[in-house]
Amino acid sequence: MGTSDAERALAVARLVENDVAGIDVNMGCPKEYSTKGGMGAALLSDPDKIEKILSTLVKGTRRPVTCKIRILPSLEDTLSLVKRIERTGIAAVTVHGRKREERPQHPVSCEAIRAIAEALSIPVIANGGSHDHIQKYLDIEDFRQATAASSVMVARAAMWNPSIFLKEGLRPLEEVMQKYIRYAIQYENHYTNTKYCLCQMLREQLESPQGRLLHAAQSSQEICEAFGLGAFYEEMTRELNARRAELLARTPEAAAEPAEDTSGVIKMAVKFDRRAYSPQITPKMCLLEWCRKEKLAQPVYDTVQRPLDRFFCSVVTVAEQKYQSTLWDKSKKLAEQAAAIVCLRSRGLPEGRLGEESPSWHKRKREAIDQDPEGSRNQEHAVPGELCKKLFVALGSGEESPLGGW
């Protein structure tokens, strides 16, 4: 866990202690999203807080407690810190052999990890060897011996090629990626996570034809097609749908419509397919802009999840009228886009599809910005949500949006 508060850390630990083997506190993450909240590597400059968090967890939970740190600017300060950590009663400590400001391109300090391991009586886990030390399975043991640690934590090397844990040696990357994709589809892993992991594996090959196809993929199906697994995707989708239908048939109440009163709801059987739309425009954006133009309240989405298969259905309310797609979707985002499509089609409005005539509000907005840049900036501050829309437009110019199809 990432934490900067002992009592909140304990509350979380008690929530999960029946479902985990141990509780680990990350005190080594140097990223701003962690340190700005006083978590991660920010804790390294506050030994008192470190001691309080770890002591509270050790006394308050039934599971072993561990932590991960980075080394401090001086070895003397580092040894003083880890000895204080040991006295809290934790079960082990992981040491990333780099300082807070250092990154993977900087050499890992095996000497510092060794000094810590020799100074403590609890197990020390060595971390940070992927870049320079660990390229194959046997290298893991070599890194352990170089640091005198009890064991080794492997992160990036395992992302680059998970077969690094095979004693027989690394498997070809293409074979590993194919196997990974099959698992991802079989267990319905979200495509954004699948895509991220594959990008980590490809690394310097991201500019290859296959890498470019992967980078452009906006669904699990497109990922499969990029790797020649289109037929597998279709077969597995049929199998998963058949299983889902069988389960729904056994428990028909789980397939019911959303619990709220849906009388008067306009419904259509539609789905949102990202490939059919302009890269910079989504139905939700079109609907929001139309509501602003008509001086209506912004659309309100009420989305529910079906417990059995965890699919989503959304009802959007515009001008006191409700709209809904009768088809359930794998994610909340997709369900809301589908509801927006129903509303737009019911009203005969553009929805951003490829080949569709550009809505007039795009042209007017561009003209207004050209004629009065200062006025347009003032307008942006007055219109809620405009900043979010600008984010999508900017990312659509080449950088992939972390928000997927929103």
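This briefing describes the sheet, the nonpolar cores and selected helices of the structure above. The model is a predicted one. Its open sheet is built from 5 strands in the order β1-β2-β3-β4-β5, with parallel pairing, and its largest nonpolar core holds 47 residues.

**The sheet and a helix lying across it**

- At the edges of the sheet stand β1 (23-27) and β5 (151-153), each of which has a single partner strand, so that one side of each is left without a neighbour in the sheet.
- On average, and with direction ignored, neighbouring strands of this sheet are turned by 25° against each other.
- The pairing of strand β4 (residues 124-127) with β5 is parallel and runs over 3 bridges; within it, Ala 126 has Val 152 of β5 as its bridge partner.
- Helix α3 (residues 47-60) lies across β1 and β2 (65-70), and its direction is at about 175° to that of β1.

**The nonpolar cores**

- In the core of 47 residues, the members that touch the most other members are Leu 54, Leu 57, Cys 67, Ile 69 and Val 93.
- Helix α5 (residues 110-119) supplies the largest share of this core, namely 6 residues.
- When residues up to four places away in sequence are not counted, Cys 67 touches Asp 24, Val 25, Met 27, Leu 54, Ile 85, Ile 90, Ala 92, Val 93 and Thr 94.

**Helix α9**

- Helix α9 comprises 12 residues (191-202), which at 1.5 Å a residue should span 16 Å, and the distance of 16 Å between its end C-alpha atoms agrees with this expectation.
- Its buried residues are Tyr 191, Thr 194, Lys 195, Leu 198, Cys 199, Met 201 and Leu 202; because these residues cover an arc of only 155° around the axis, they are placed on the same side of α9.
- The partners against which the buried residues of α9 pack are α7 (156-160), α8 (173-186), α10 (209-216) and α11 (220-226).
- After α9 comes Arg 203, which has a positive phi, near 50°.

**Glu 222 in helix α11**

- Glu 222 belongs to helix α11, and it counts as buried because its relative accessible area is 14%, where the cut-off for that term is under 20%.
- With neighbours within four places in sequence left aside, the contacts of Glu 222 are Ala 216, Ala 217 and Arg 275.

Note on methods:
Residues are numbered from 1 along each chain as its sequence is written. This is a predicted model: local features need pLDDT of at least 70, side-chain atom pairs count only at pLDDT 80 or more; totals for chains, interfaces and linings use all residues. Side-chain values use heavy atoms; hydrogens and water are left out. Helices (H or I, at least four residues) and strands (E, at least two) are DSSP runs, numbered from the N terminus. The expected span of a helix is 1.5 Å times one less than its number of residues. Buried means under 20% relative accessible area, exposed over 50%, partly exposed in between (1.4 Å probe, protein chains only). The arc is that of the directions from the helix axis to the C-beta atoms. Contact means heavy atoms within 4.5 Å. A nonpolar core is a set of buried Ala, Val, Leu, Ile, Met, Phe, Trp, Tyr and Cys residues joined through side-chain atoms within 4.5 Å. Two strands pair if DSSP finds at least two bridges between them. Axes are lines fitted to C-alpha atoms, for helices over the stretch in contact, and angles run from 0 to 180 degrees between N-to-C directions.
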